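Take a first look at the fold below. Then follow the text from the whole chain down to single residues.

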Amino acid sequence: MDDDKVTVTVTVTVPSAPLTPQQPPLRNIDRMINSSLNTKSPSKTIYSDRFIPSRSGSNFALFDIPTAALAPNANAAVGISDASKDSSEGSSSGTYASLLRAALFGPETPEKNEYTGPPRIFRYKSETKRSMHSLTPLGFDDVGPGVSHCPVKTPRKVSRSPYKVLDAPALQDDFYLNLVDWASYNVLAVGLGNCVYLWNAHTSKVTKLCDLGIDDSVCSVGWAQHGTQLAVGTNNGKVQIWDAARCKRIRTMDGHRLRVGALAWSSSMLSSGSRDKSILQHDIRSQDDFVSKLTGHKSEVCGLKWSYDNRELASGGNDNRLFVWNQHSTQPVLKYYEHTAAVKAIAWSPHLHGLLASGGGTADRCIRFWNTTTNTHLSSMDTGSQVCNLVWSKNVNELVSTHGYSQNQIIVWRYPTMSKLATLTGHTYRVLYLAISPDGQTIVTGAGDETLRFWNVFPSPKSQNTDSEIGASSFGRTTIR
């Protein structure tokens, strides 16, 4: 045999043009093939440190690699001569690519894939649905021995049932009133008709604080931020301050002409909103009934909330307007007109300075978010029902909304995605009243069905599995008076 010729023992298809690859690549291929065929090791198994993946599922047409038909006779031997200088560069490259593919992948490599779907670049052979939270490219079925899979953190579970129900006879079904509030020392105040009752969450003891008489009724209650002082707004336009520890009235302040349906404390300053469209600022250290009067609303003021730093006061009214005031202004410094119904539901975020949430009534149904620092409307969420109350969790970045027409539901939202964590039902009337416990884990809701329902909805600051100390184990139904 001539020394310039070699014999290749692979099966190939001879194209119409002569096979004239360059000599160095051909000898390398021949050396690779002969060495792999003649190597025998009967005594021990040889392990390689190289990983050669299977290419059977690959689509080489995507990478512009030319293809050449393989010979149908698997035992045919082909003689290859030296490369001719006159051969075209494209023919030489295509022949070399086909020989290289045959040597590396074997003669069974398909020239065309029957797969007609989208390109399989960076895809597995069999696609499986995986969680969007998975951080590993391996599915559960693909994890091999010794490979641990980090499980996806499951969403926190919220009990769909109240752990306690209190009967609250004569709890009014009035959207514009605020008759439930929870003190920092864990006592709940509820206005029922012309009386105010206190429920101790530690002992479940019920105490009658006051009776306004047949000529008046309770329209709002509000605890001071610290201590045992409780403010009571009446239908006759008066604001009373009570010492709940001694069940004694401290003082009565005049100034409003009509009922007082909203109250909000800021240290020693008490703000009261009335049906007479005004907001009065009361300094309980002063002998005067009020120290300033805020005007701007065109209808009854039904929502009032001070920010956590006590620098901004948000007010909502039956005029569909949301106003923001500072400590010294008598006119609103920010005005928002986007709501199309009464704005009673107001909540400041304890996590981000200047973040304010507000909810509209039946004709609006939206929860809107505002940045009062930059005076911008951030987002809006249509809840599908009248928004009656909002409260923000101080433990996690979540908030609760209560609703009236038409679903009477309670929704736990995760902010800022506004994804629903839980929807709680049970009330048969509008859920008009809402308060949160001092530990930030429990909420109480009140409705025109004359019941108060207690729900564990938020985790504790340290552990999401710790039960609230309010008394979650004491399930049952009792009366508040």
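Predicted model: local features only at pLDDT ≥ 70, side-chain atom pairs only at ≥ 80, totals over all residues.

Over which residues does the pLDDT stay under 50? The answer is residues 67-85, for which the model has 36 contacts beyond four places in sequence. Here pLDDT is the predictor's confidence in each residue, from 0 to 100, and contact means heavy atoms within 4.5 Å. Residues 464-469 also have a pLDDT below 50, and this stretch has 12 contacts in the model beyond near neighbours in sequence. The chain as a whole averages a pLDDT of 80, and 67% of the residues score at least 70.

Residues are numbered from 1 along each chain as its sequence is written, and side-chain values use heavy atoms, with hydrogens and water left out.

Now step back to the whole chain. Its secondary structure comes to two helices and 31 strands. These are DSSP runs, numbered from the N terminus: helices are H or I with at least four residues, strands are E with at least two. Of the 481 residues, 45% are buried. Buried means under 20% relative accessible area, exposed over 50%, and partly exposed in between (1.4 Å probe, protein chains only). Among contacts with a separation of 6 or more, 51% join residues 24 or more positions apart.

Next, look inside. The largest nonpolar core has 41 residues. Such a core is a set of buried Ala, Val, Leu, Ile, Met, Phe, Trp, Tyr and Cys residues joined through side-chain atoms within 4.5 Å. Leu188, Leu230, Leu452 and Phe454 touch the most other members. Several strands give two or more residues to this core, including S5 (187-192), S9 (229-234) and S30 (451-456). Phenylalanine 454 has contacts beyond four places in sequence with residues including Pro162, Trp182, Leu188 and Trp199. A second, separate core of 15 residues includes Val396, Val412, Leu424 and Val457. In soluble globular proteins, nonpolar side chains tend to be buried together.

What about the cysteines? The structure holds zero disulfides. A disulfide is counted when a pair of cysteine sulfur atoms lies within 2.5 Å. Cysteine 210 is buried, because its relative accessible area is 4%. For cysteine 247, the closest cysteine sulfur is in cysteine 210, at 9.2 Å, so this pair is also too far for a bond. Cysteine 247 has a relative accessible area of 32%, so it is partly exposed.

Finish with two serines. Serine 274 sits in strand S13. Its relative accessibility is 0%, so serine 274 counts as buried. A polar atom of its side chain lies 3.1 Å from the backbone oxygen of leucine 258. Serine 278 lies in the loop between strand S13 (269-274) and strand S14 (279-283). Serine 278 counts as buried because its relative accessibility is 4%. Its side chain makes a polar contact with the side chain of histidine 256, at 3.5 Å. A polar contact is a pair of N or O atoms within 3.5 Å; within protein, one must be able to donate a hydrogen and the other to accept it, and residues adjacent in sequence count only if both atoms are side-chain atoms. Histidine 256 is also among the residues in contact with serine 274.
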